[in-house]
Amino acid sequence: MDGRSHFHAELELFTDKLLHMAGLARAALADALRAFHDRDTALARAVIDRDAAINQLECELDDFCLRLLALEQPVALDLRRIVGGMRMIIDLERVGDEALHVAERVIFLAHLPPSPMPAHLEELAFRVTEMLDKALAAFKAGDAALAQEVCRMDGGIGDLNVLVIKDALGQVEQASCSPQSLERTIHEVIAARSLERIGDKAANIAEATIFIVHGVSIKHHCRPF
Amino acid sequence: MAHKIKMAARNLDFYYGSFKALHDITLDIQENRVTALIGPSGCGKSTFLRCLNRMNDLIPGTRVEGELTLDGGNIHAPDVDVVELRRRVGMVFQKPNPFPKTVFENVAYGLRVNGVRDNAFIAQQVEKSLRDAALFDEVKDRLHDSALGLSGGQQQRLCIARALAVAPDVVLMDEPASALDPIATQKIEELVHELKKRFTIIIVTHSMQQAARVSDMTAFFYMGKLIETDNTETIFTRPSNKQTEDYITGRFG
C-alpha cells in the first residue's frame with residue numbers, strides 16, 4: 001500500500017510533463033537542424049515560434065516543483081526526483097533556446113544560395129542529437145550507466161566544435177573567400193557553438209539522472225562515482 | 001569527525017514473555033548528538049528507548065539478552081544501581097506529566113529524592129534547569145504556582161527541566177512533541193538543538209520531518225529489527241536500504 005499515493009501521483013504527473021517538455025526541446029533541435037540543412041525558413045520560423053511553449057512549460061514546472069517542495073516535504077528518492085527535475089527544466093529550456101539560435105541562422109542565411117553543410121558541422125549535429133537522445137532515454141529509464149556514457153561523450157563534442165572553427169578559419173584564409181562565403185561561415189560557426197552548448201545541456205541532464213538514481217552529484221567531479 | 005560512543009547496544013534481544021520484541025540490535029549512540037529512532041508503530045523503537053534506562057524492568061515477564069553499555073559499562077551488571085542509572089539516563093514522555101505540585105517543586109523533586117538538602121543549591125539548580133529548558137522567563141513569576149496551570153508546551157518543557165535538574169548524561173525523549181501544537185513543538189525542537197551541546201539525546205518520533213529537523217543520526221526500526229542507521233542527512237537524501245526508502249517516502253506496505 002502506498003501511504004502517499006496522492007503525492008506520488010503528482011510526482012508521476014511532474015515526470016510526464018518534464019518528458020513532454022523534453023520532447024518539445026528535442027523536436028526543436030531536430031527541426032532546427034533540418035531547417036538548417038534544407039534552408040527551410042518556414043520550418044525555422046516554426047521552431048522560433050514554438051519556443052514560447054517550452055518557456056511556458058518551464059514556468060509551469062517551476063511552480064509545480066515549488067508547490068511539491070512546500071506542501072509535501074519530500075525526502076530521499078522523491079526529493080531527488082524533484083531537485084534533479086528542477087535542474088533538468090533549466091537545461092531543457094536552454095536546449096530550446098539554442099535550437100532557436102540555430103533556426104535564426106537559417107533566416108539570416110536565406111538570401112544566400114544553398115550549399116552543403118560542412119562535414120564537421122554535420123557530424124557535430126549528429127553527435128549532439130545522439131547525446132540528447134541518450135540523456136533523455138537514460139532519464140526515462142533511470143539508467144545511470146547510460147547517463148554516464150552521455151557524460152563521457154561530451155569531450156568529443158568540444159573537439160568537433162574546434163574542428164568546425166578550424167575549417168572556418170581555413171575557408172576565410174583562402175584568397176577566393178567571398179563576402180557571401182564569409183557570412184555563411186560565420187553563421188555556421190555560431191550554429192556550431194549552439195550545438196556544442198546543447199551537448200553541454202545533454203551532459204547536465206545525464207548528471208541529473210545520476211543524481212536522481214544514486215543521490216550523488218558528479219558535477220565538476222566534486223564527488224567520486 | 002569521530003564522536004565518542006556514549007551508549008552502545010550489542011546484539012540486543014528483548015522479550016515480553018515469549019514475544020521477542022527486539023532482534024539482535026547493535027547500535028552506537030554518539031555523545032552530544034541527537035539520535036532519532038523512527039519506524040512504524042510496533043517496530044520496537046520505544047521498547048529500545050526504554051531499554052536504555054531499564055524502564056522495561058518495571059514490566060513483569062520481560063527479559064533482555066545481549067549487552068547495553070553506558071560509557072563502556074554494562075548497565076545490566078549486578079552492581080549497577082538502577083536509580084543512579086535513571087539519574088544518568090533521564091526520560092521525557094509523550095504526554096507532559098508534571099506532578100501536582102508547584103513549578104519549583106516539580107524541578108526540585110529529583111534533587112530532593114536524591115538526598116540534596118541545601119535549599120540554596122536547590123534554588124540555584126531549579127533556576128538553571130528552567131533556563132536550560134527555555135522556560136524560566138515564562139514562569140519566573142509563577143514558580144510557586146501549581147504546574148498544572150501551565151500550558152501543554154510549558155508543562156513539557158517543565159518535564160524537561162525536571163529531567164535536567166539531576167544532571168543526567170543522556171536524555172531519552174519518547175515522542176516529546178506529539179501532544180503539542182506547532183509553536184510548542186518548535187520550541188521543543190529548538191531546545192533539543194541547544195541541549196545536545198551538553199547532553200546526549202535519543203528521541204523517538206513518529207514525525208519523520210521532526211527526525212530530519214532535530215537529529216544528527218537516524219535509526220530506522222522495523223518489526224523489532226534495526227534496518228538502517230546513518231547520518232540523518234544520508235537517511236533522508238539517499239538511504240541505502242530499500243525498506244528505509246519505502247518507509248520515509250510513504251511507500252510502505
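Is B:Gly153 buried or exposed, and why?

Modeller: Before the answer, a word on what is shown: this is a predicted model, in which local features need pLDDT of at least 70 and side-chain atom pairs count only at pLDDT 80 or more, while totals for chains, interfaces and linings use all residues. Residues are numbered from 1 along each chain as its sequence is written, and chains are lettered from A and ligands numbered from 1 in the order in which they are written.

B:Gly153 is buried because 22 other C-beta atoms lie within 10 Å; a residue counts as buried with 20 or more other C-beta atoms within 10 Å of its own, as exposed with 12 or fewer, and as partly exposed in between, the C-beta atoms being placed from the backbone. B:Gly153 belongs to helix α6 of chain B, residues 152–165, where helices are DSSP runs of H or I with at least four residues and strands are runs of E with at least two, numbered from the N terminus. Once neighbours within four places in sequence are set aside, B:Gly153 is in contact with B:Leu180, B:Asp181, B:Ala184 and B:Lys187, a contact meaning that the two C-beta atoms, placed from the backbone, lie within 7 Å. By comparison, the C-alpha atoms of B:Gly153 and B:Leu85, 68 residues apart along the chain, are separated by 27 Å.

Leaving out residues up to four places away in sequence, B:Leu172 touches several residues, including B:Leu49, B:Val89, B:Met91 and B:Ile202.

As for the whole chain, there are 10 helices and 10 strands in chain B, and 43% of its 253 residues count as buried. Among contacts in chain B with a separation of 6 or more, 68% are between residues 24 or more positions apart. The radius of gyration of chain B, taken over C-alpha atoms, is 18 Å, which agrees with the value near 18 Å for a compact globule of 253 residues, the globule rule being 2.2 Å times the number of residues to the power 0.38.
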